[in-house]
Amino acid sequence: MLVLARKVGERLHIGNDIEVVVVEIKGDVVRLGIAAPRGVAIFRHEIYAAIQGENLAASALPNDLNLSAKLNLQKGAPNPKVQLPPVDK
Amino acid sequence: MLVASTRLGELNISPSALIEFSEGFSGLPEWRQGVLVPVAELPCFFWLQFVHDPAAAFLLLALEGVLADYDFALARQAAAFTPQSRVYAIIRVPAGDLSQATANLLAPVVIDDLPAPIGRQVILHDTNYPLRHPLFVEDEPC
């Protein structure tokens, strides 16, 4: 792994179209600004790892999952909707 | 073309219906080409069956149908897709127990049809959307 020392306000480039700037250092927290093309995904590691784990969990569905039985739907019901409680942003 | 599925049998689909997930999915990088199949009698649920492996499938919930307050614009923007693109949550069913099913609202799947079917899983940073949103709530005791 390449390790570089940078001061606040100093920048570094990854390839031709990604730029990273050290915005602020406060105690043990470093704030970074990253400018990258829209197609480049940038993730905090914790979130990335959580979503990876969730994808793997969701990929392990049993073969005999019987959806309509569990949802107790009446045949021909117009548009049975699952009720989700509201989500706070 | 024929797509084999352990849950749906053999699917005869038009090649133009294939959805390209050029980045794959986090943790599942080889899940790149899929087809969306509605779940019988459940208008908001879909199987996303992948082509490379008959057992590779996600259960998806079309969020437009069930969660009007969701920030669809943010999801479409994160995917860089058109306003016509559709937003789905991946459903997790722990141990096959549907009463415990949860929807991943933090990392939805966005699918667009133009110019050809493409899809992308996006992460909605800076929201408090949950990774595991319970799909079914217990009935209130009365």
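Colleague: Which residue of chain B forms a salt bridge with Glu54(A)?

Modeller: Please keep in mind that this is a predicted model. A salt bridge here requires a side-chain nitrogen of Lys or Arg within 4 Å of a carboxyl oxygen of Asp or Glu. For Glu54(A), the closest N and O atoms of the pair are 3.8 Å apart. The partner in chain B is Arg92(B).

Colleague: How many salt bridges are there between chain A and chain B?

Modeller: The pair of Glu54(A) and Arg92(B) is a salt bridge that joins the two chains. The count between chain A and chain B is two.

Colleague: What area is buried between chain A and chain B?

Modeller: The contact between the chains involves 37 residues of chain A and 51 residues of chain B. Carbon and sulfur atoms give 67% of the area buried between them. That area is about 4,000 Å².

Colleague: In what order do the elements of chain A run from the N terminus on?

Modeller: Chain A has two helices and three strands. Read from the N terminus, their order is β-β-β-α-α.

Colleague: Which strands of chain A stand at the edges of the sheet?

Modeller: The three strands form an open sheet in the order β1-β2-β3, with antiparallel pairing. Each edge strand has a single partner strand, so one side of it is left without a neighbour in the sheet. The strands at the edges are β1 (11-14) and β3 (29-35) of chain A.

Colleague: Which residue of β3(A) is the bridge partner of Val21(A)?

Modeller: Strand β2 of chain A covers residues 18-26 and pairs with β3(A) in the antiparallel sense over seven bridges. Within this pairing, Glu19(A) stands opposite Ala35(A). For Val21(A), the bridge partner is Gly33(A).

Colleague: Which residue in the turn between β2(A) and β3(A) has a positive phi?

Modeller: These two strands form a hairpin, with two residues between them. The positive phi in the turn is about 60°. The residue concerned is Gly27(A).

Colleague: What share of the residues of chain A count as buried?

Modeller: A residue counts as buried when its relative accessible area is under 20%. Chain A has 89 residues and exposes about 6,800 Å², of which carbon and sulfur atoms supply 53%. The buried share of its residues is 19%.

Terms used:
Residues are numbered from 1 along each chain as its sequence is written. Chains are lettered from A and ligands numbered from 1 in the order in which they are written. This is a predicted model: local features need pLDDT of at least 70, side-chain atom pairs count only at pLDDT 80 or more; totals for chains, interfaces and linings use all residues. Side-chain values use heavy atoms; hydrogens and water are left out. Helices (H or I, at least four residues) and strands (E, at least two) are DSSP runs, numbered from the N terminus. Buried means under 20% relative accessible area, exposed over 50%, partly exposed in between (1.4 Å probe, protein chains only). Accessible areas come from the Shrake-Rupley method with a 1.4 Å probe; for residues, only the protein chains shown count as cover. Two strands pair if DSSP finds at least two bridges between them. Contact means heavy atoms within 4.5 Å. Buried area is the accessible area (1.4 Å probe) that two parts lose on being put together, summed over both.
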